[in-house]
Amino acid sequence: MSDLASLFAPDGPLAAAIPGFCARAQQIEMAQKIAEAIQGNRVLVAEAGTGTGKTFAYLVPALLAGGKVILSTGTKTLQDQLFNRDLPTVRAALKVPVSIALLKGRANYVCHYHLERNARDGRFLTAQDAADLRAITRFAKLTQTGDKAECTDVREDSAAWIAATSTRDNCLGQDCPNKDECFVMQARRAAMEADVVVVNHHLFFADVMLRDEGMGELLPACNAVIFDEAHQLPETASLFFGESVSTSQVLELARDTRSETLAAARDCIALIDESRKLEKAARDLRLVFGNETARLSATQAAEREAFEPQLDALQQALDAFHSVLDTQAERSEGLGNCLRRTEEMDERLARWRNPEEKDLIRWVEVFTQSLALNATPLHVSDVFKRQLEGHPRAWIFTSATLAVGKADFGHYCRVLGLAWMDPPPMTAVWGSPFDYGEQALLYAPANMPDPNTPD
């Protein structure tokens with residue numbers, strides 16, 4: 001532990017490698033506590049105030065531990081910062097031969113199969129979308145990673161990305177003709193071989209806890225999992241342990257089916273017609289709520305006069321679509337995949353309308369362009385606790401906001417099922433080293449409009 005303190009000292013390697021580095025007592029104590037948890041395969045829940053230097057406090061013991069580590073953070077932006085800046089900086093300062101990998105959700109990587117199909121189909125809403133897809137096609141030929149964050153010529157929210165990436169639903173997996181050059185599989189192989197893998201919370205739950213194809217080995221192989229921004233975990237967990245059907249998923253299914261039909265069953269005009277009817281039914285359901293964006297309970301949504309009739313219309317359109325697709329599914333792997341997605345969507349929609357589980361919260365989220373029917377479990381503690389009890393490893397949860405009051409982690413530990421672990425989780429709180437009274441100014445402008453108003 002004293003050796004760890006020397007790394008953070010004014011004459012230590014971090015100070016020598018990082019301009020302006022300033023050692024903080026809280027940071028050193030936190031690093032020592034994390035090292036203790038990693039060494040003993042313990043669970044640690046740690047709150048550290050703004051300015052503690054949490055990132056270096058967990059990176060130093062993680063890199064020195066010598067095992068495989070998964071770092072999970074709140075957003076893709078923080079992921080990129082960790083991978084491109086903080087990790088290389090600490091690795092260079094400590095002079096440790098640690099390999100690192102960045103792993104994002106599949107929607108962040110160009111998909112050769114869907115890019116080729118949709119570029120050939122050539123049907124776009126705007127000339128800008130068509131130009132963006134051409135730019136992505138050029139990027140796909142030059143990039144080593146396929147990560148869309150590197151394609152600076154195309155806006156991140158461009159509609160062309162939907163046509164150039166895959167989802168869990170429409171990925172063909174081992175049946176894909178482009179599987180050997182797949183950027184997603186390349187990123188996953190790199191993650192399997194790396195000592196430190198940087199993911200985000202959404203990917204952790206989607207790809208590790210839910211055992212997505214090709215990812216089941218990543219969690220068992222690791223010695224420690226570190227969650228930064230861990231206050232986001234309960235909400236993210238409930239999202240992934242629940243179910244959702246969205247109008248954007250319906251539109252994506254219709255579009256993919258049309259693309260596959262043009263490639264493998266061009267003579268089946270009926271399927272193209274049914275796909276357009278399905279799109280209309282999805283858009284009509286979204287239009288029930290006009291221009292508003294909102295979160296409503298299932299009961300509140302049902303009070304809207306047109307909601308149930310439009311839900312019936314979507315169900316009927318999905319059934320008619322399924323009937324025609326079922327006659328064509330054997331004509332290609334892509335159409336077979338669309339049939340599977342249709343059947344799964346039909347089941348999720350049926351479960352949302354007639355839930356069998358009691359401890360389920362059903363709610364509707366209305367976005368600017370889409371609508372989602374969500375079913376969220378009331379408790380995620382049992383599911384999460386099972387993951388923690390699998391293979392002996394350290395689990396570190398850290399954020400600036402986890403405890404209630406001065407040091408009560410009871411609520412957080414109960415929500416995630418940590419409270420019933422044996423041995424119980426280690427906990428710690430470190431206040432901010434900042435003197436807010438001297439170093440901060442709070443300014444509250446008068447007469448500001450409500451954040452949701454057009455003003």
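Searching the whole structure turns up 14 aromatic pairs, where rings of Phe, Tyr and Trp (its six-membered ring) pair if their centres lie within 6.5 Å. A word on the ground rules: this is a predicted model, in which local features need pLDDT of at least 70 and side-chain atom pairs count only at pLDDT 80 or more, while totals for chains, interfaces and linings use all residues. Residues are numbered from 1 along each chain as its sequence is written, and side-chain values use heavy atoms, with hydrogens and water left out.

A pair of aromatic rings is described by the distance of the centres and the angle of the planes. Planes under 30 degrees apart count as stacked, those over 60 as edge-to-face, and the rest as tilted. Among the 14 aromatic pairs is the stacked one of Phe205 and Phe240, at 6.4 Å centre to centre and with 15° between the planes. This pair ties together distant parts of the chain, 35 residues apart: Phe205 sits in helix H10 (residues 201-209) and Phe240 in helix H11. Helices (H or I, at least four residues) and strands (E, at least two) are DSSP runs, numbered from the N terminus. Phe205 also pairs with Phe241, this time edge-to-face, with 5.8 Å centre to centre and 90° between the planes. Here too distant parts of the chain are linked, since Phe205 of helix H10 and Phe241 of helix H11 are 36 residues apart.

How buried is Phe205? Its relative accessibility is 0%, so Phe205 counts as buried; the term means under 20% relative accessible area, with exposed over 50% and partly exposed in between (1.4 Å probe, protein chains only). Phe241 is buried as well as Phe205. Both belong to one aromatic cluster, made up of Phe204, Phe205, Phe227, Phe240, Phe241, Phe384, Trp395, Phe397 and Tyr412. Another ring, that of Trp352, has Arg362 over its face, 4.9 Å from the ring centre; a charge sits over a ring if NZ of Lys or CZ of Arg is within 6 Å of the ring centre and within 35 degrees of the ring normal.

Phe241 turns up again at the second largest pocket, where Phe241, Glu243, Arg351, Glu357 and Leu360 are the ones nearest the centre among 18 lining residues. On a 1 Å grid over the protein atoms alone, a pocket is an open set of points with protein on both sides within 12 Å along at least five of seven lines, a cavity is a set where a 1.4 Å probe fits but cannot get out, and lining residues have an atom within 4 Å of a point. The volume of this pocket is about 330 Å³, volume being the space filled by probe spheres set on the points, which are joined across faces, edges and corners. At least two lining residues come from each of helix H11 (233-241), strand E6 (243-246), helix H16 (333-353) and strand E9 (371-377). The lining has ten nonpolar, three polar and five charged residues, with Ala, Val, Leu, Ile, Met, Phe, Trp, Tyr, Cys and Pro taken as nonpolar, Asp, Glu, Lys and Arg as charged, and the others, Gly among them, as polar.

The largest cavity holds about 240 Å³. Its lining counts 22 residues, with Arg106, Cys171, Gly173, Cys176 and Cys182 nearest the centre, and splits into eleven nonpolar, seven polar and four charged. Helix H6 (112-121) and helix H9 (183-193) each contribute at least two residues to that lining, and H9 gives the most, with four. Within H9, Phe183, Val184, Ala187, Arg188 and Ala191 are buried. These residues lie on the same side of H9, because they cover an arc of only 135° around the axis; the arc is that of the directions from the helix axis to the C-beta atoms.

Asp422 and Pro423 are joined by a cis peptide bond, with omega about 0°, and Pro423 lies in the loop between helix H18 (410-415) and strand E11 (426-430). Glu229, in the loop between strand E5 (224-227) and H11, has a positive phi near 50° without being a glycine. Its relative accessible area is 23%, so Glu229 is partly exposed. Asn447, not a glycine either, has a positive phi of about 60° and is placed in the segment after helix H19 (436-439). Asn447 counts as exposed because its relative accessibility is 80%.
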